[in-house]
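Subject: Structure handover

Hello,

Here is the structure I promised to pass on. Please open it and keep it beside this email while you read.

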Amino acid sequence: MRENMTKEKQRINIDPWGKALVEDYSRLIKEFGMQTFDIEEMPNPSMQMKRGLIFGGQDLNIIAEAMKKKKRFYCLTGIMPSSTKIHLGTEAVIQNVKYFQDNGAETYVLIADVESQAARGVPIDEGRKRAMEFHIPAYIALGLDPKKTKFYFQSENKTVSNLAAICSQKITENEFRAIYGSVHPAKVMSAFTQMGDILFPQLKEPMPGVIPVGIDQAPHIRMSRDIARRLKKEYGFFAPSASYNKYTSSLDGSFKMSKNESVGKIEIPEDNEKELEKKLKKALTGGRATAEEQKKKGGQPEKCIAFEYCKNHFIKDDKKLGKMYQECLGGTNLCGECKQKYLIAGAKEFFKEFDKNFKKAKKSIGKVKFIEN
Ligand code: TRP
């Protein structure tokens with residue numbers, strides 16, 4: 001009872017630069033004025049949509065309408081080159097971008113090198129190097145069409161920095177603090193650059209746009225929507241729509257996976273199969289205290305990180321995933337066996353496929369379109 005009361009009172013805190021996990025997504029939707037994701041309205045829903053990884057959004061009906069009527073709309077997302085690798089949460093966002101691209105979006109993917117300099121201390125040159133050698137080919141390997149995706153670096157897009165300056169006039173210090181919980185200079189710098197990113201495709205011609213992000217980015221979406229409305233008269237901006245992905249848990253289930261955390265995460269690529277296997281064996285599961293209890297009651301897939309990873313990333317085949325789920329519920333496998341059979345086997349297949357596509361993508365890097373301005 002007491003515990004419940006304190007839980008109820010606790011504020012959910014979303015920090016784009018932090019690492020807290022969310023336990024109750026429906027409460028989040030209510031408190032932050034988001035909308036529940038409605039799969040019924042989306043044409044050709046993707047695997048992530050069907051499996052509940054996308055749990056919420058903002059004005060996605062406008063995007064669904066544009067897709068159905070084949071009207072112009074854009075899809076934009078950005079990723080910091082804050083590591084030489086990417087993590088599974090980024091993979092999921094790229095899959096969402098691919099979905100909108102396949103359904104007609106004009107697609108922009110930006111390398112957030114200004115943000116990773118400001119918020120993480122990664123030198124601009126280093127960010128560029130990482131993006132050219134790894135990040136951009138990796139996004140192509142994960143499914144983006146190099147001919148249809150416009151890439152750019154924040155540091156090189158003058159239109160974006162000018163628009164950032166315009167946006168910075170439209171928010172007061174108190175509003176900024178209310179949205180982000182702080183007015184730390186690096187956060188202010190990064191947030192307004194991101195406002196420039198989100199709105200810049202509309203400068204030439206205002207149109208609906210969707211920003212697929214992990215839920216940690218919700219504060220940015222909120223501010224961009226406020227600013228878009230305040231600039232509507234002058235620029236005709238549409239308030240951007242958004243889709244929200246759930247957090248990706250760390251292997252031990254304790255925090256959101258993040259690019260600058262050295263323990264408990266699975267990265268792309270994972271070059272060493274033995275190391276990968278070792279890590280995956282440690283993943284938290286929904287297993288019971290004893291083998292007998294597990295055989296009797298079955299496991300708890302909704303509490304299991306192995307199941308989460310397979311569902312959201314590694315196992316694309318619905319039948320296979322269904323078997324993993326049923327066998328868990330039925331107590332057929334103990335967790336160790338299940339990990340070998342589904343998690344480790346699925347991960348190995350995923351990474352093999354990635355390596356193959358990455359080699360191909362490296363060769364097609366010449367076809368990549370960068371925005372010039
Ligand atoms: N802030 C994002 C991150 O932490 C990166 C980003 C920059 C972004 N500009 C964006 C995301 C525009 C979506 C849209 O990785």
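How many aromatic pairs does the structure hold? There are 19. Please bear in mind that this is a predicted model. I picked out two of the pairs for you.

**F151 and F370**

Start with the rings of F151 and F370. Their centres lie 6.4 Å apart. Their planes meet at 45°, so this pair counts as tilted.

Where do the two residues sit? F151 belongs to strand 6 (residues 149-153). F370 belongs to strand 10 (residues 369-370). The pair therefore ties together parts that are 219 residues apart in sequence.

Is F151 buried or exposed? F151 is buried, because its relative accessible area is 0% and anything under 20% counts as buried. F370 has a relative accessible area of 32%, so F370 is partly exposed.

**F314 and F351**

Now look at the rings of F314 and F351. Here the centres are 6.1 Å apart. The planes are at 55°, so this pair is tilted. F314 is in helix 15 (residues 305-314), and F351 is in helix 17 (residues 335-363). The two residues are 37 apart, and the pair links distant parts of the chain.

**A cluster, and charges over rings**

Which residues form one aromatic cluster? They are Y74, Y108, Y152 and F200.

R128 lies over the face of F153, 4.4 Å from the ring centre. K232 has its charged end over the ring of F238, at 5.5 Å from the centre.

**Helix 10 and helix 11**

Last, turn to a pair of helices. Two packed helices are described by the angle between their axes and the distance between the axes. Helix 10 covers residues 185-199, and helix 11 covers residues 218-230. Their axes come within 10 Å and cross at roughly 65°. The crossing is right-handed.

Which residues meet there?

- From helix 10: A191, F192, Q194, M195, I198 and L199.
- From helix 11: H220, I221, M223, S224, I227 and A228.

What kinds of residue make up this contact? Nine are nonpolar and three are polar. None is charged.

Best wishes

Methods:
Residues numbered from 1 in each chain as written. Predicted model: local features only at pLDDT ≥ 70, side-chain atom pairs only at ≥ 80, totals over all residues. Heavy atoms only, no water. Phe/Tyr/Trp six-rings, centres within 6.5 Å; stacked < 30°, edge-to-face > 60°. Helix = DSSP H or I, 4+ residues; strand = E, 2+ residues; numbered from the N terminus. Buried < 20%, exposed > 50% of the residue type's maximum accessible area, 1.4 Å probe, protein only. Lys NZ or Arg CZ within 6 Å of the ring centre and 35° of its normal. Axes fitted to C-alpha atoms, helices over the stretch in contact; angles between N-to-C directions. Left-handed = near helix turned anticlockwise from the far one by under 90°. Contact = heavy atoms within 4.5 Å. Nonpolar A, V, L, I, M, F, W, Y, C, P; charged D, E, K, R; others polar.
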